[in-house]
Amino acid sequence: MIALYGLCPIVCQDMNIDLSLLSGYPENVISQVKTLIQQGRLDNYLQSTYCESHNIRTDKALFTYVQDIKRNYMKKGSPIHKVSFDDRIDVLYNALGLHSFVSRVQGKRLKSKNEIRISSLFKKAPSEFLHMIVVHELSHLKVKEHNKDFYRLCHHMDPHYSQLEFDLRLYLISLDLK
Ligand SMILES: [Zn+2]
C-alpha cells in the first residue's frame, strides 16, 4: 500500500488524508480527488451523485435482495445458502464483502455451501454501493479471481460497476475524514 498523503505538504499539512485506498489509480485521478477534498467538495459530490438510500437493515432483507439480483442475472449459478451483514469483516480482513465456499463431506457426498457476508457499513451507504458490493460478491460465485472474466460479469450485472467501485473508495475516504 502506498501512503499518498504528504505529496503536497503545503496544502495537506493539517489534513491527515489517507488516500491509500486509491493506490492503483492513475496519479492525475488521485490529484483530482485531493483537490476535491481540499476544496471541501467531496461530500457534496457524493451526496449529489448518490442520493438514494435503501432500507435493507436485516440479514433477512439482505438475503432477499441478493437472491433477487441473482435470479435476474445468474439463474444457473450455484445456490447461496447464507447471506449476512458483518460488523467485523472490514476490521479483521480489511475487506468490505466476503464470499466463502465451504465443502464438507457428509457421508459419501461432498456438500458445499456458499455464504456471502457484507460489511455492516453498507446498511447506511447509498443503495448504489450496496448493489455494487453484492454484485461483486455474487460474481465470485462464478469467478474466484479478480480477472477480466470477473469484471465482465460485474459489468453485466451493473453497467456502472467501475465508476461505483471508484466512488465507493471515495465514500470510504469521506467516512474516514469525519
Ligand atoms: Zn473480490
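**Helix packing and selected residues**

Student: Is Glu 115 buried, exposed or partly exposed, and what count decides that?

Tutor: Glu 115 is partly exposed, because 15 other C-beta atoms lie within 10 Å. Please keep in mind that this is a predicted model.

Student: Where is the place of Glu 115?

Tutor: Glu 115 belongs to strand E3.

Student: And what separates the C-alpha atoms of Glu 115 and Val 83?

Tutor: Their C-alpha atoms are separated by 5.8 Å, while the two residues are 32 apart along the chain.

Student: Where is Thr 64 found, and does it count as buried or exposed?

Tutor: Thr 64 is found in helix H4. It counts as exposed because it has 12 C-beta neighbours inside 10 Å, and a residue is classed as exposed at 12 or fewer.

Student: Let us step back. What does the secondary structure of the chain come to, and how do the elements run from the N terminus on?

Tutor: The chain has eight helices and three strands. Starting from the N terminus, the order is α-α-α-α-β-α-β-β-α-α-α.

Student: How many of the residues of the chain count as buried, as a percentage?

Tutor: Of its 178 residues, 24% count as buried. As for contacts between residues at least 6 apart in sequence, 56% join residues at least 24 apart.

Student: Which residues touch the most other members in the largest nonpolar core?

Tutor: That core has 29 residues, and Phe 129, Leu 130, Met 132, Ile 133 and Val 134 touch the most other members. At least two core residues come from each of helix H2 (27–38), helix H3 (42–49), helix H4 (59–73), strand E3 (109–119), H6, H7 and helix H8 (161–177).

Student: Which element gives the most to this core?

Tutor: H6 gives the most, with seven residues.

Student: What does Phe 129 touch, not counting residues up to four places away in sequence?

Tutor: With those excluded, Phe 129 touches Phe 122, Leu 164, Leu 168 and Tyr 171.

Student: On to the helix pairs. At what angle do the axes of H6 and H8 cross?

Tutor: The H6 and H8 axes cross at roughly 115 degrees and come within 10 Å. The crossing is left-handed.

Student: Which residues make the contact?

Tutor: H6 contributes Glu 128, Phe 129, Met 132 and Val 135, and H8 contributes Tyr 161, Leu 164, Glu 165, Leu 168 and Tyr 171. By class, the contact of H6 with H8 has seven nonpolar, no polar and two charged residues.

Student: What about H6 and H7: how do their axes cross?

Tutor: Helix H6 (residues 127–142) and helix H7 (residues 148–157) have axes that come within 9 Å and cross at roughly 130 degrees. H6 is therefore oblique to H7. The crossing is right-handed.

Student: Which residues of H6 and H7 meet there?

Tutor: Val 135, His 136, Leu 138, Ser 139 and Lys 142 in H6 meet Phe 150, Leu 153, Cys 154 and Met 157 in H7. By class, this contact of H6 with H7 holds six nonpolar, two polar and one charged residues.

Student: One last pair. At what angle do H4 and H6 pack?

Tutor: H4 and H6 pack at about 65 degrees, and their axes are 10 Å apart. Their crossing is right-handed.

Student: By which residues of H4 and H6 is the contact made?

Tutor: On the H4 side they are Tyr 65, Val 66, Ile 69 and Lys 70, and on the H6 side Val 134, Val 135 and Leu 138. The contact of H4 with H6 divides into six nonpolar, no polar and one charged.

Technical notes. Residues numbered from 1 in each chain as written. Predicted model: local features only at pLDDT ≥ 70, side-chain atom pairs only at ≥ 80, totals over all residues. Axes fitted to C-alpha atoms, helices over the stretch in contact; angles between N-to-C directions. Helix = DSSP H or I, 4+ residues; strand = E, 2+ residues; numbered from the N terminus. Parallel < 35°, antiparallel > 145°, perpendicular 65-115°, else oblique. Left-handed = near helix turned anticlockwise from the far one by under 90°. Contact = placed C-beta atoms within 7 Å. Nonpolar A, V, L, I, M, F, W, Y, C, P; charged D, E, K, R; others polar. Buried ≥ 20, exposed ≤ 12 C-beta atoms within 10 Å, placed from the backbone. Core = buried A, V, L, I, M, F, W, Y, C linked by C-beta atoms within 7 Å.
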